[in-house]
Amino acid sequence: MRDRIRHTILFETLGLCISTPLAAWLLGRHMASIGIMAVYISGMAMAGNYVFNLAFDHALVFLDRPVHVRPPWMRAVHAALFEVFLLLFTVPFVAWWLDMTIIHAFLTDIGFAAFYLVFAYLFNWAYDVVFPMPVEEAFLMCGQRGKWRSGSSIRKSCLFCR
């Protein structure tokens with residue numbers, strides 16, 4: 001659990017530091033206005049990111065895939081699914097905060113999503129290199145102990161995955 005909290009805090013902090021000045025410049029808005037909006041969305045994203053990543057890990061276990069092995073295609077799917085999930089919650093807020101139509105807010109949010117899609121892919125790749133998840137910890141999150149064996153079914157004893 002501590003790993004996911006560290007992941008979320010690092011992701012959102014670095015993302016805010018890069019995206020806020022960039023968005024203020026591209027949208028021609030004051031940094032404070034974009035900053036407040038970005039912090040609010042970041043709070044929503046942090047809560048959602050925590051839940052989404054736990055669910056993604058459990059989905060991997062349910063599919064009998066190791067949580068500590070993530071090929072490039074899986075990283076792309078992970079990043080894209082999270083951005084779609086987040087868009088559903090942020091478009092109405094962006095429209096209200098920036099006083100724009102839903103269509104303009106959607107296009108603005110697509111810009112943020114495009115940035116975060118690339119950022120999430122690169123960040124998660126780097127994060128897994130710097131903070132690799134030990135195989136034992138991957139099993140402990142689902143109540144399992146021991147080593148991963150190819151073809152083994154580990155979902156039977158995971159309460160979340162039953």
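Among contacts in the chain between residues at least 6 apart in sequence, what percentage join residues at least 24 apart? In this predicted model, the share is 66%. The chain holds 5 helices and 0 strands, so that, read from the N terminus on, its elements follow the order α-α-α-α-α. Of the 162 residues, 41% are buried. The chain exposes about 9500 Å², and carbon and sulfur atoms supply 73% of that area.

Leaving aside neighbours within four places in sequence, I102 touches V91, P92 and A95. For the pair I102 and P92, 10 residues apart in sequence, the C-alpha to C-alpha distance is 6.7 Å.

A search of the whole structure returns 4 cavities of 30 Å³ or more. The largest cavity has a volume of about 200 Å³. Its lining consists of 18 residues, and those nearest the centre are I41, E83, L86, F112 and Y116. Four helices, α1, α2 (31-62), α3 (72-97) and α4, each contribute at least two residues to this lining. By class, the lining of the largest cavity comprises 12 nonpolar, 3 polar and 3 charged residues.

The second largest cavity has a volume of about 80 Å³. Its lining is made up of R4, H7, N53, R70, M74, R75, H78, A120, Y121, N124, Y127 and D128. Helices α1, α3 and α4 are the elements that give two or more residues here, and α4 gives the most, with 5 residues. The classes in this lining are evenly represented, with 4 nonpolar, 4 polar and 4 charged residues.

The largest pocket has a volume of about 160 Å³. The elements giving two or more residues to its lining are α1 (2-27) and α4 (102-130). The pocket is lined by D3, R4, V67, H68, V69, R70, R75, Y127, D128, F131, P132 and M133. In this lining, 6 residues are nonpolar, 1 is polar and 5 are charged.

Technical notes
Residues are numbered from 1 along each chain as its sequence is written. This is a predicted model: local features need pLDDT of at least 70, side-chain atom pairs count only at pLDDT 80 or more; totals for chains, interfaces and linings use all residues. Side-chain values use heavy atoms; hydrogens and water are left out. On a 1 Å grid over the protein atoms alone, a cavity is a set of points where a 1.4 Å probe fits but cannot get out, and a pocket is an open set with protein on both sides within 12 Å along at least five of seven lines; lining residues have an atom within 4 Å of a point. Grid points are joined across faces, edges and corners, and a volume is the space filled by probe spheres set on the points. Ala, Val, Leu, Ile, Met, Phe, Trp, Tyr, Cys and Pro count as nonpolar, Asp, Glu, Lys and Arg as charged, and the others, Gly among them, as polar. Contact means heavy atoms within 4.5 Å. Buried means under 20% relative accessible area, exposed over 50%, partly exposed in between (1.4 Å probe, protein chains only). Accessible areas come from the Shrake-Rupley method with a 1.4 Å probe; for residues, only the protein chains shown count as cover.
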